[in-house]
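Hello,

Here is the structure we talked about. Please look it over, then read the notes below.

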Amino acid sequence: MKQEIPYKIYLEESEMPVSWYNMRADMKTKPAPLLNPGTLKPMTFEELSGVFCDELVAQELDEDTAFIEIPQEIRNFYKMYRPSPLVRAYCLEEKLQTPAKIYYKFEGNNTSGSHKLNSAIAQAYYAKKQGLKGVTTETGAGQWGTALSMACAYLGLDCKVYMVKVSYEQKPFRREVMRTYGASVTPSPSETTNVGRKILAEHPGTTGSLGCAISEAVEVATTNEGYRYVLGSVLNQVLLHQSVIGLESKIAMDKYGITPDIIIGCAGGGSNLGGLIAPFMGEKLRGEKDYRIIAVEPASCPSFTRGKFAYDFCDTGMICPLAKMYTLGSGFIPSPNHAGGLRFHGMSTVLSQLYHDGFMEAKAVEQTSVFEAAEMFARVEGILPAPESSHAIRAAIDEALKCKETGEEKTILFGLTGTGYFDMVAYEKFHNGEMNDHIPTDAELQVGFDGIPKFPGNEI
């Protein structure tokens, strides 16, 4: 007898994942290694451990271990807000009059408001275990900074956050949540670091970017004893920690005999998308099942859809290792759109390789259409979504409407990364008709491409 599918599917504690899943173990073509920008040779454990915690470096470099155990202390922390619900969007289906079945994995049921806490607690835990005094980081929209400040407060670590200036100004309440949890928050680029001063001199009045903020946070970490840098997206270790999203989703779907045809996630640096698709992509890589996987990015920062697949700096100050990824150039400063968490010039090396090899597709969407989808979703599903999450909502609605045209009963799964309660300036701009859709010209993108490092084998 077929089990009735509830509106919300929650796992029992006993069903929660006990290990993270490492997609690289099943990739035939592995992501290219990080390179030392001085020697152009792969970064060693010793070199990386000067910036990151030792255990995180080991995870970053591990391409062979498929499942890495989640320490009990982290699993105990997860239980405060996990498992997160897998929700059937019955009301949205009814609104669209589509035969498609739409599910979303909701990651906004914690104070940070997003999925970022999944990796924040892991990185803070390893820093504490190593005996460090504190950590530094960057944040775009503020979800990562909020999540890290929560994790550091829980473990008694100091937390220094460099927040992209446009978000610092647009989202003061998220900044104050970070400060409530004890973090210091500095708008980036700032006058507090050498690289910040250099960027301000070259780009007076800049609204900043994640690349700028990364440069500042790395400088502070490497010049202060007892500190290490932690990153909320892009890196292999972050995608590993975020795989808990996809693992929970798959366990819940398998429990009720549900198989998604299409899996959709917003894409900035890759943490949410990589986490959501992880176990499904594993099946695809092993040839066990096939899924259509779609990455959705802002048209104003189109790394996948208009970027170059090349080695580039992860930061604007060019002090971090080189990563082979889809990139717009580390000097590219995106327009001050309202999806602050998606304003990164590059993309995860894992996702970049998967996209390059044809295992997933990508689309870019304009922010006014994103907010139209966000408003519809809020009105029928009762959750005010973050601008980042709403990129996935836009694509899910578009795919559901295609099903309406063709009559196909496809099953769609998308990631609802978090809530938008601190993004009301963006909603205000949308409602007042003051939001625009800036799409960079080829000439504007070329400025960024011209800054991509040139060396043998890195032609674009």
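Are Phe 309 and Tyr 326 buried or exposed? Both are buried (under 20% relative accessible area; exposed is over 50%, partly exposed in between, with a 1.4 Å probe and protein chains only).

First, the basis. This is a predicted model, where local features need pLDDT of at least 70, side-chain atom pairs count only at pLDDT 80 or more, and totals for chains, interfaces and linings use all residues. Residues are numbered from 1 along each chain as its sequence is written, and side-chain values use heavy atoms, without hydrogens or water.

Now the rings. Rings of Phe, Tyr and Trp (its six-membered ring) pair if their centres lie within 6.5 Å; planes under 30 degrees apart are stacked, over 60 edge-to-face, the rest tilted. That rule gives 18 aromatic pairs. Phe 309 and Tyr 326 are stacked, because their centres are 4.9 Å apart and their planes at 20°. This pair links strand β12 (residues 308-313) to strand β13 (residues 322-327), 17 residues apart. Strands are DSSP runs of E, at least two residues; helices are runs of H or I, at least four; both are numbered from the N terminus.

Tyr 311 and Phe 455 have centres 6.2 Å apart and planes at 45°, so they are tilted. Tyr 311 is in β12, Phe 455 in the segment after α18 (442-449), 144 residues apart. Both are buried.

Elsewhere, Phe 77, Tyr 78, Tyr 81 and Tyr 154 form one aromatic cluster.

Last, helix α11 (residues 236-255). Of its 20 residues, 17 are buried. Just after α11, Gly 257 has a positive phi of about 70°.

Best wishes
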